[in-house]
Amino acid sequence: GEAEKARRFHSGLPGYAPTPLVSLDGLAHSLGVSKIWIKDESKRFGLNAFKALGGSYAMARCLSEKLGKPLEEMSFEELCAPAARRALGDITFVTATDGNHGRGVAWAARLLGQKAVVHMPKGSSQARFDNIKKEGAQVTIEDVKLFPQGYSAIAIHPELIQNEPSVLLMDIGGWTVDLMRLDNGVPNAAT
């Protein structure tokens, strides 16, 4: 299904490696269980976060759809190729986040040769702002708050993206990324 398609896509990203598992033997012993394993996402693409996976996959699906080909029939290299760039033109991926999701979106947009705009809420960490900016995104601090379960303030305040073309990415609960088309600057949840 979709998880296998995402796994195949991610394995083609430059620098992809399966997430290493780390055994927490001391914690397991203290809790009286035989083994505890955790996934160490601290080295994922040099971003120190797993959030690059959902954003990059959603963005690639959008681009392949715009190119008229199913993503499973395209490689990451094809999405980045000059022919694809000419056919796609400039696309800006827009999101709101207080950190890792925005960094992942900015990173993926840079690799795909596209633009990213990341709106961060007031009070966001300067280090997170700087890390997103280093990936090439336009970053702004807005006087909004992120909503429970990671729902983006942008969905509630579409005026923040009135002049932005194309695609809004939303971090949903820290686990998946939902892709929404924009029509006249207002999210359309039906697509």
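The chain contains eight helices and eight strands (DSSP runs numbered from the N terminus; helices are H or I of at least four residues, strands E of at least two). The model is predicted, with local features needing pLDDT of at least 70 and side-chain atom pairs pLDDT 80 or more, while totals for chains, interfaces and linings use all residues. Residues are numbered from 1 along each chain as its sequence is written, and side-chain values use heavy atoms, without hydrogens or water.

Of the 191 residues, 43% are buried (under 20% relative accessible area; exposed is over 50%, partly exposed in between; 1.4 Å probe, protein chains only). The chain exposes about 10,200 Å², and 53% of that comes from carbon and sulfur atoms (Shrake-Rupley method, 1.4 Å probe). Among contacts with a separation of 6 or more, 48% join residues 24 or more positions apart (contact: heavy atoms within 4.5 Å).

I91 lies in the loop between helix 5 (82-88) and strand 3 (92-96). I91 is buried, because its relative accessible area is 1%. Its C-alpha atom is 8.4 Å from that of A116, 25 residues away along the chain.

L31 belongs to helix 2 (residues 25-31). With a relative accessible area of 55%, L31 is exposed.

Helix 7 spans residues 126-134. At its start, a side-chain oxygen of S125 comes within 3.2 Å of the backbone nitrogen of A127. Just after helix 7, G136 adopts a positive phi of about 100 degrees.

Note on methods:
A polar contact is a pair of N or O atoms within 3.5 Å; within protein, one must be able to donate a hydrogen and the other to accept it, and residues adjacent in sequence count only if both atoms are side-chain atoms.
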